Amino acid sequence: MSQYQKTAGEILGRIRRARPVVHSITNYVVMNSTANVLLAMGASPIMAHAQEEIEEIVTIASSVVINIGTLSQPWIQSMKAAAQTAKKAGKPFLLDPVGAGATKLRTRTALDIIDAAVPTVVRGNASEILSLSSQGGTTRGVDSIHTPEEALDPAREIALSMETVIAVTGQRDIVTDGRRSLVVSGGDALMSYVTGTGCAASVIIGAFLAEEMDPLVATACALAFFGVAGEKAASEAPVPGSFWVKVLDALYTITPEQLGAAARISRI
Amino acid sequence: MSQYQKTAGEILGRIRRARPVVHSITNYVVMNSTANVLLAMGASPIMAHAQEEIEEIVTIASSVVINIGTLSQPWIQSMKAAAQTAKKAGKPFLLDPVGAGATKLRTRTALDIIDAAVPTVVRGNASEILSLSSQGGTTRGVDSIHTPEEALDPAREIALSMETVIAVTGQRDIVTDGRRSLVVSGGDALMSYVTGTGCAASVIIGAFLAEEMDPLVATACALAFFGVAGEKAASEAPVPGSFWVKVLDALYTITPEQLGAAARISRI
Amino acid sequence: MSQYQKTAGEILGRIRRARPVVHSITNYVVMNSTANVLLAMGASPIMAHAQEEIEEIVTIASSVVINIGTLSQPWIQSMKAAAQTAKKAGKPFLLDPVGAGATKLRTRTALDIIDAAVPTVVRGNASEILSLSSQGGTTRGVDSIHTPEEALDPAREIALSMETVIAVTGQRDIVTDGRRSLVVSGGDALMSYVTGTGCAASVIIGAFLAEEMDPLVATACALAFFGVAGEKAASEAPVPGSFWVKVLDALYTITPEQLGAAARISRI
């Protein structure tokens, strides 16, 4: 058992006890499903995007998740304000640059948010992450055309230059702060037949960030938890509608001990 | 069997026959789930927030539900317009002040809507309801930090001063018009592991208001119905993803007779 | 076996291989459920409404679906822009005029979009479709008060005058380009107890349009596929919450061969 497996279980235990409030400014498509993910695993979601209340909401929250999946100008302003407020308040925050690389608006918005305040973690698929680097990348819609492994070197570079943690998720997940790099296994191919699984990964990381100081460890442990839940769900229901219901069930039923035994995290 | 049990079944029977149109202006997180709640129980949801069509929509509808869970200025204007239009047209309307007390924007918006037109019913958790009273309250995100019982006296006062029905929901629910007070039992702890269960309670009340003139009775019967559905679902699937699916199933399958036998409403 | 049955299976096979990107500008209520419908059946949804990115998104997409279920001015502008961009790029696009006839805003918006660019297909219930004809119609909320059969003649006229394909869905579905008319059987009464089933039909048509040049055939085959999935789901779970989960499962599990054998499409 690696040190990280045990840590994954311990963080989950802390989440279950503390029920941390995770503030999300996210896209319309996944608001319901990611709120349910957070509740099922034992955290407390709060969704709010009005600029007038950003500061109060960030103050209540233990962590912040910003997801650019559906954009318009007022939301972009609120995302930047939330990033800056979280940074100022010392709250961890995650950026999910959905579709970055697919359109100029999304790439620019992701970079603008990073410019406003460097996220604690950036999680995306390989295309999205590559689009944030100077060498760029291409995206086929919101689906990745790169493997996580292909993104390891640029992810390291981005992590070093931005001083953040980069998580590249796909069939296997890579997490790096530029110096330390981890690979997380788990999940199931069915995840690509359900909307918002990447967004779900992001809010789970948000909850783990609330209860673990080391963002590299928090991110890898969160992804391992989601992976274990996905595997459990797929073994029970190998079809997408039932699978997602079982993912929510698994996020609720998996104990810290079970996660400690099943998480698959290793160094690269 | 109390008089209210029988009444609960009778109102449900009327809803199933009439399929009343319930107009909701609600938050992005629960639009899908509350529409499904209304359809499953036999009512007809209509979701519309554009100011240009508020008057026509309210005319079509039998009742209106306003939920402030995600706010921005255009939506706030539409909520006020819907409240005033419903009042003018003599249609019952419910206010769900999600997160009132948590941020100034939410507290002020709830009070502004009440100021624009006094709702037929206001339903919230104890923190939200207390924030509407002169003595105020505090909210931990959108989760309540008070028990319904703690809120009985202030709820009575608010009901009397506003001339409305106040419903404070939690482990047990309290419904009062200031003179008469009822307590409703039912539901399951799993409800706090699924998003939008409070919002679901609100739209169910909206449907009951469409088919029952006495808003105190309509509200208590609606909450009893949701409670019975929650208990049935939890007995069949004690895990959150499956539980919610079973709640929708139960809202559809519970007959008026079964509700008449199982509803738990008593006077305080 | 009619020629269309076999064709339905063939188109589904092409979708599973190509995973076409379907761009949706749709209402808040069904964004999650229609994204899941597209993913389950093997297509790739992309939801985006910001005007700044419409052109790039339409370029990525194989087809476009515009659904007016929840409206506000910026969204209306984006819908018109998407219609024009799709037309210009030669991409098939579908209009779902949700609630047309119920409010002036919705009727006018549907007609304005048609005016901006004639859709490849317009799909609605009978009331919605009738509201687009010169003789008008009436809508009870978003629920139809007409049968598809009543709408056949006006649908033919609209199809001819607009030079488009009109699909009128209900207990049975009618698809016409004014010259050729088809009727599709299938589905289950439970579909009216779940939100967004009409919207789901629209995005399935969107996916079929991406892989079949003849929009009349694509539309009828798509509706037949949804009908077969609905029947399969209802036979497995005759209650609305579980039913919808099973619909998603069925969209994933039904093979092209099974669809070819079960699709029910005939000429009128």
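Predicted model: local features only at pLDDT ≥ 70, side-chain atom pairs only at ≥ 80, totals over all residues.
Local features need pLDDT of at least 70, side-chain atom pairs count only at pLDDT 80 or more, and totals for chains, interfaces and linings use all residues. Residues are numbered from 1 along each chain as its sequence is written, while chains are lettered from A and ligands numbered from 1 in the order in which they are written.

Two copies of a chain are related by a rotation about an axis and a shift along it.

Turning to the contacts (C-beta atoms, placed from the backbone, within 7 Å), 24 residues of chain C meet 28 residues of chain B. On this side of chain C, α2 (31-41), α5 (104-116) and α10 (240-253) each supply at least two residues; helices here are DSSP runs of H or I with at least four residues, and strands are runs of E with at least two, numbered from the N terminus. The largest share, four residues, comes from α10(C).

Towards chain A, 28 residues of chain C are in contact with 24 residues of chain A. Here α2, β2 (44-47), α3 (51-60) and α10 of chain C give two or more residues each, and α10(C) has the largest share, with seven.

Only 12% of the interface residues of chain C are also interface residues in chain B, so the copies meet through different surfaces.

Definitions and conventions: Contact = placed C-beta atoms within 7 Å.
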